[in-house]
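Visitor: I have a chain open in the viewer and would like to talk it through. Could you go over it with me?
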Amino acid sequence: MKKNKLAKMAAAVLMTGSIAALGTSKVNAEDGGSVTSKQSTATFTIDTSKAKLTLDEVPSFDFGSVDPADIYAKKTVSGKGSGEIQVTDTRLNATGWNLAVSTTTALTNSSSSIEGDLTFTPNSFSFTTKENATGWTFSGKPTLNLPSTSSAEIASSIGKDKGTGSATVSSANLKFTKNNTLAQGKYTSNLTWNLGTTTDESGRASE
């Protein structure tokens, strides 16, 4: 009887050892693998040759057919703008810019000239890359005296926002101020638009 009891105890000890061995083997199988890792990079280089400040488009103005009586009476006639005001600034610094008309000529044809004040209303600048940009603003409603050698500021930026900004001219008015003897034909005034840089960072915020 004693022998049987001892034999059973020995068998139980052997079985327990076997189970423990099996358990240890399972853990080793799960944790024994190796992991290999590597790192890579993503890079680019800015092409500084593409950085620019450019005046891409400026508008022309057409007042159609005008009654000579309106010219003699120095009245104001309404017209429309053709084209957009468009500026591109992709420079890498925060330098601003300003856009102005510095010289204009009288409205002339081959034998006569007329002077007047050209006023136009541009819509706000809108970006091709973002909607509510700041840092680009118009200087109220610009008025150009035809002729004039003084500078009339049209728009400015403090250099905060970059990209391409454009604005359409929604309306334009021409008030006649002085005329010589009128002659038939088309009258034309040449407008000179100048885009220049500025380092003034305290410019107005856009509306």
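Guide: The conversation below goes through this predicted model topic by topic.

Visitor: How many helices and strands are there in the chain?
Guide: The chain contains two helices and 13 strands.

Visitor: And what share of the residues is buried?
Guide: Of the 207 residues in the chain, 29% are buried. The accessible surface comes to about 13600 Å², and carbon and sulfur atoms account for 52% of that area.

Visitor: What share of the contacts with a separation of 6 or more comes from residues 24 or more positions apart?
Guide: Such pairs make up 85% of the contacts in that class.

Visitor: Let us turn to the core. Which residues of the largest nonpolar core touch the most other members?
Guide: They are Phe61, Phe120, Leu144, Ile154, Leu174 and Trp193, in a core of 25 residues. At least two residues of this core come from each of β4, β5 (96–104), β7 (113–122), β10 (143–146), β11 (152–157) and β12 (163–179).

Visitor: Which strand gives the most to this core?
Guide: That is β12, which supplies five residues.

Visitor: How many bridges join β12 to β7?
Guide: Nine bridges join these two strands, which run antiparallel.

Visitor: How do β7 and β10 pair, parallel or antiparallel?
Guide: β7 and β10 pair in the antiparallel sense, over four bridges. Within this pairing, Leu118 stands opposite Leu144 in β10.

Visitor: What do β6 and β7 form?
Guide: They form a hairpin, with four residues between the two strands. Strand β6 (residues 107–108) is antiparallel to β7 and is joined to β7 by two bridges. Leu107 is the residue opposite Ile114 in β7.

Visitor: Why does Gln86 count as buried?
Guide: Gln86 counts as buried because its relative accessible area is 17%, and the cut-off for buried is under 20%.

Visitor: What is Gln86 in contact with, leaving aside its neighbours within four places in sequence?
Guide: Gln86 contacts Thr54, Leu55, Asp56 and Glu57, as well as Thr164, Gly165 and Ser166.

Visitor: Now the backbone. Which residues does a cis peptide bond join?
Guide: A cis peptide bond joins Leu146 and Pro147, with omega at about 0°. Pro147 is located in the loop between β10 and β11.

Visitor: What is the phi of Lys74?
Guide: Lys74 has a positive phi of about 55°, although Lys74 is not a glycine. The residue is found in the loop between α2 (68–72) and β3 (76–82).

Visitor: Why is Lys74 classed as partly exposed?
Guide: The relative accessibility of Lys74 is 43%, so Lys74 counts as partly exposed; that class lies between the 20% limit for buried and the 50% limit for exposed.

Visitor: Finally, what is the mean pLDDT of the chain?
Guide: The mean pLDDT is 80, and 72% of the residues reach 70 or more. Over residues 18–22 the pLDDT is below 50, and this stretch has zero contacts in the model beyond near neighbours in sequence. Residues 201–207 also have a pLDDT below 50, but that stretch has 18 contacts beyond near neighbours in sequence.

Visitor: How should one read coordinates where pLDDT is low?
Guide: Where pLDDT is low, the predicted coordinates should not be read in detail.

Definitions and conventions. Residues are numbered from 1 along each chain as its sequence is written. This is a predicted model: local features need pLDDT of at least 70, side-chain atom pairs count only at pLDDT 80 or more; totals for chains, interfaces and linings use all residues. Side-chain values use heavy atoms; hydrogens and water are left out. Buried means under 20% relative accessible area, exposed over 50%, partly exposed in between (1.4 Å probe, protein chains only). Contact means heavy atoms within 4.5 Å. Accessible areas come from the Shrake-Rupley method with a 1.4 Å probe; for residues, only the protein chains shown count as cover. A nonpolar core is a set of buried Ala, Val, Leu, Ile, Met, Phe, Trp, Tyr and Cys residues joined through side-chain atoms within 4.5 Å. pLDDT is the predictor's confidence in each residue, from 0 to 100. Two strands pair if DSSP finds at least two bridges between them.
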